[in-house]
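Me: I should like to understand the reasoning behind the terms used for this protein model. Please take me through it step by step.

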Amino acid sequence: MKSVTRSLRILEAVAQHQPVTVGELTKLFGLPKSTVQRTLVTLAEAGWLRANRKDTTRWEVGARVLAVRPAALQGSSLFAAARDPMVRLRDKVNETIHLSVPDALQCMVVVDRVDCDHAVRTFHTIGDTSPLHATATGRAVLAHLPKQDVEEFIARGLERYSETTPTDPEELRAELRRIRTDGYAFNGNQYRPGVCAIAAPVLDEDGTPLATVAISMPESRYDADKLPEWGRLVADATTEIAERRLGA
């Protein structure tokens, strides 16, 4: 039980001081550096922590923390900035709106949702995960990652989830180029059968994707003629979220 308690305390300390180094945590707890490092690696393997993308010697909480406790987001600038634009986007299109965050190069995690009033609608529980290459939310993130990260992801292999999942590397690269040009990503039955989605990224000041907002709907209500309009609406929403977050 001591090791469990230690792990939880280190997790809490990372959440409070992130991004934080092993040395800083060692001083904070008075523990051997090897013990702290081992605990950090164990928590990272379980998805609770991850290395900071800009400085891999520093640690921060992983998206799984947000999946288990979405209320932790409520005090964050991202959550506060996203909620009202998501509600307004839902009111414009009357479809389910999701806010998702990337868990490094592993997956996307749903952290908030605004439901529509249709009797038949798509549904993702808070904490649901999905693959990056097979979804609109994931590709919206991939399109704005550094080239080396995208190539690292592709090298792991692209799993097929449906007949239309992009599993050819060049096909995926071409799609990511289109997303950067158009400002939004589209998923039509590429992950879950009968589900379509349009997503755009929330970018920080240096262009790093922090999250995505998606309009999600049953295939029966998808209208290809409306795709440019929906894409513009979701991209406008994420632009507003980014601006609100910086102004918070």
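Reply: Let us begin with one term: contact means heavy atoms within 4.5 Å. Please note also that this is a predicted model. In that sense of packing, the buried residues of α3 lie against α1, α2 (22-29), β2 (49-51) and β3 (58-61).

Me: Which residues of α3 are buried?

Reply: They are Thr 35, Val 36, Thr 39, Leu 40 and Leu 43. Because they cover an arc of only 130 degrees around the axis, they are placed on the same side of α3. On the other side of α3, Lys 33 and Glu 45 are exposed. As background, an α-helix has 3.6 residues a turn, so residues three or four places apart point the same way.

Me: How do you know that the span of α3 agrees with its number of residues?

Reply: Helix α3 (residues 33-45) has 13 residues, which at 1.5 Å a residue should span 18 Å. Its end C-alpha atoms are 18 Å apart, and therefore the two values agree. After α3 comes Gly 47, with a positive phi near 95 degrees.

Me: What does the corresponding check give for helix α1?

Reply: The 16 residues of α1 (residues 2-17) should span 22 Å at 1.5 Å a residue, and the end C-alpha atoms are 22 Å apart, which agrees.

Me: Where around α1 do its buried residues lie?

Reply: The buried residues of α1 are Ile 10, Leu 11, Ala 13 and Val 14. Their arc around the axis is only 165 degrees, so they are on the same side of α1. The face turned away from that buried side carries Arg 9, Glu 12 and Gln 16, which are exposed.

Me: Why are α5 and α9 called roughly antiparallel?

Reply: Helix α5 (residues 77-93) and helix α9 (residues 227-247) pack at an angle of about 155 degrees, with axes 8 Å apart. Angles over 145 degrees count as roughly antiparallel, and therefore α5 is roughly antiparallel to α9. The crossing of these two helices is right-handed. Among the residues that meet there are Leu 78, Ala 81 and Leu 89 in α5, and Leu 233, Ala 237 and Ile 241 in α9.

Me: What makes Asp 149 count as buried?

Reply: Buried means under 20% relative accessible area. The relative accessibility of Asp 149 is 11%, so Asp 149 counts as buried. This residue is found in helix α7 (residues 147-155). Leaving aside neighbours within four places in sequence, Asp 149 is in contact with Arg 53 and Leu 105.

Notes. Residues are numbered from 1 along each chain as its sequence is written. This is a predicted model: local features need pLDDT of at least 70, side-chain atom pairs count only at pLDDT 80 or more; totals for chains, interfaces and linings use all residues. Side-chain values use heavy atoms; hydrogens and water are left out. Helices (H or I, at least four residues) and strands (E, at least two) are DSSP runs, numbered from the N terminus. The expected span of a helix is 1.5 Å times one less than its number of residues. Buried means under 20% relative accessible area, exposed over 50%, partly exposed in between (1.4 Å probe, protein chains only). The arc is that of the directions from the helix axis to the C-beta atoms. Axes are lines fitted to C-alpha atoms, for helices over the stretch in contact, and angles run from 0 to 180 degrees between N-to-C directions. Angles under 35 degrees count as roughly parallel, over 145 as roughly antiparallel, 65 to 115 as roughly perpendicular and the rest as oblique. A crossing is left-handed if the near helix is turned anticlockwise from the far one by less than a right angle, and right-handed if clockwise.
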